[in-house]
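Student: I have a protein structure to read. Please walk me through it, feature by feature.

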Amino acid sequence: MMLRPKFSLAVAVLLASGMAYYYFALLIPQVRAVHASHQLAGGFYYGGDLYPIWFTAHELVFHHRNPYTNEMTRDIQTGLFGRTLDPRRPGDPPEHFRAFSYPLYTDVIEAPLTWLSFRQVQFALAFASPLLVAAGVWLWLLAFDLHAGAASTTAVLLLTLTSYAVLEALFAQQPAIIVGVSLAAMAASLKRERYLLAGVFLALSAIKPQLMLLLAIWLLLWAVSEWGRRKTLIFGFVLTLALLLGASELVLPGWFADWRAALVEYRHYTEPPLVQFVLGKWLGGMVEVVLLALCTGVCWRTRHAAVMSLEFALTLSLALAVTIVTLPTGGAVYDHILLLPAILWLYSNRDLILRASRTLRLFVVLGLIVLSWQWIAACAVDIVVWLMPAWRSAAELLLFPLRTAAPLPFAVLAALVYFAIGTRREHAPEPAMQRSPVPA
């Protein structure tokens, strides 16, 4: 019995090493070469998603500049690409690409970093960001009451850190990392019924409002439904968010209108939500409405669920999975870091899956194939490149491990939806942790 966790850890080390080599030694250099061919490699590449936040916060603190102006956008582009963008130039992104599109309180939260140069920030976060991701995994394990040995936990951490979504987030220094660890801390706080602290962490995750909106609406409904015991969740959320909004208005009066205009412009040069990106505008739009309606129904039914019961954890995971396919831009693979609770929830209920219908087992098997594809295919690409170095720059080969990046959220969501609409109370086995049956 002791060999199984050790064997799993050995396999995880092998897969993680292969994925890391593929990403940093093969994929990133090739992408960098493509940018250089378009003369877009003259600025900061590593940490490119954090740079607009750091730069606008620095300019706001030290020079009182408005982050949402066109002049600021051009300065951001110069820092990232070495020059401003020209949409008339072949290969250039749209004119407003990389404009600051976060709420101003993101700059307020990031203000302490402005006393460091961006090079220093890059160096510090190269160590801090993986630790934050690891902390998020540990907090989700605590929230879902998953107790694993050291070998199994290490394997989970390695595979999480080397998943394509997390590698993208780490390399870009994406704020999605902060959102992920904040939501994990919120869930762990709820597990211990520390509602005030959970509300604070929920508010901090609003630096990317599109990632926490559905979950926040349901949690506020859930708290209102048991007002006497859960009201401090609302107090913590409202007070923290009010503090952030108040500080932002104090620093830059009228910023909200500028932010809203930036969001409208942002939608013009980014991909649509994932479901529309994959299925097209009309079919994707209809599926989006169905998913949001389904999520709304499940949230309403579970508004009285016990904290971190089976149905509570399912609704939390479902809200985040539906969010991934319906709200953020379809190209934001790094946001898929929020699929982690759904994957852990499915794993924690593997006994229920094994007793379920063939349809659900098929969904789960397909999901496992889609999930594991990235590591297995990356290792295969490493071997091919080692045997045939001339293929090192072949785009078709390098993109091979990324073919399941878009299907993965749908595969995970399909299994969650099956549980949400197809599992009956009388068929649910007695769980080890504080589980109550999933709504029919």
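Student: Which residues are linked in a network of salt bridges?

Tutor: Start with the ground rules. This is a predicted model, where local features need pLDDT of at least 70, side-chain atom pairs count only at pLDDT 80 or more, and totals for chains, interfaces and linings use all residues. Residues are numbered from 1 along each chain as its sequence is written, and side-chain values use heavy atoms, with hydrogens and water left out.

Tutor: Now the general idea. Side chains of opposite charge can pair when their charged atoms come close. A salt bridge here is a side-chain nitrogen of Lys or Arg within 4 Å of a carboxyl oxygen of Asp or Glu. Glu59, Arg65, Glu71 and Asp75 are linked in such a network.

Student: How far apart are the N and O atoms of Arg65 and Glu59?

Tutor: The distance is 2.9 Å, N to O, between the side chains of Arg65 and Glu59. Arg65 also forms a salt bridge with Glu71, where the closest N and O atoms are 4.0 Å apart.

Student: Is Glu59 buried or exposed?

Tutor: Learn the cut-offs. Buried means under 20% relative accessible area, exposed means over 50%, and partly exposed is in between (1.4 Å probe, protein chains only). Glu59 has 9% relative accessibility, so Glu59 counts as buried. Glu71 is partly exposed, with a relative accessible area of 49%.

Student: How many salt bridges are there by this rule?

Tutor: The count comes to 7. One of them joins Arg88 and Asp86, with the closest N and O atoms 3.2 Å apart. Arg88 is exposed, at 75% relative accessibility. Asp86 is partly exposed, at 26%.

Student: Let's turn to helices. Where is Gly136 found?

Tutor: First, how helices are named. Helices (H or I, at least four residues) and strands (E, at least two) are DSSP runs, numbered from the N terminus. Gly136 is found in helix 5. Gly136 is buried, because its relative accessibility is 7%. Now look for a contact across the chain. Gly136 and Val181 are 45 residues apart along the chain, yet their C-alpha atoms are separated by 4.4 Å.

Student: At what angle do helix 5 and helix 16 pack?

Tutor: Axes are lines fitted to C-alpha atoms, for helices over the stretch in contact, and angles run from 0 to 180 degrees between N-to-C directions. Helix 5 and helix 16 (residues 340-348) pack at about 40°, with their axes 10 Å apart. Angles under 35 degrees count as roughly parallel, over 145 as roughly antiparallel, 65 to 115 as roughly perpendicular, and the rest as oblique. Helix 5 and helix 16 are therefore oblique to each other.

Student: Are helix 10 and helix 15 roughly parallel or roughly antiparallel?

Tutor: Helix 10 (residues 209-225) and helix 15 (residues 310-326) pack at an angle of about 150°, and their axes are 8 Å apart. They are therefore roughly antiparallel to each other.

Student: How many residues of helix 7 are buried?

Tutor: Helix 7 is mostly covered, with 8 of its 9 residues buried. Among them are Tyr164, Leu167 and Phe171.

Student: What follows helix 7?

Tutor: Gln173 does, and its phi is positive, near 55°. Gln173 is not a glycine. Its place is the loop between helix 7 (164-172) and helix 8 (176-191). Gln173 is buried, with a relative accessible area of 7%.

Tutor: Asp145 has a positive phi of about 55° and is not a glycine either. Asp145 lies in the loop between helix 5 (118-143) and helix 6 (150-161). Asp145 is partly exposed, at 28% relative accessibility.

Student: Which residues form a nonpolar patch on the surface?

Tutor: Patches are made of residues with over 30% relative accessible area and no salt bridge: like charges are joined within 9 Å, nonpolar side chains (Val, Leu, Ile, Met, Phe, Trp, Tyr) within 5 Å. Accessible areas come from the Shrake-Rupley method with a 1.4 Å probe, and for residues only the protein chains shown count as cover. Leu196, Val224, Trp227, Phe235 and Leu239 form the patch, with about 500 Å² of accessible area together. Helix 11 (residues 227-251) gives the largest share, 3 residues. Phe235 lies in helix 11. Phe235 is partly exposed, at 36% relative accessibility.
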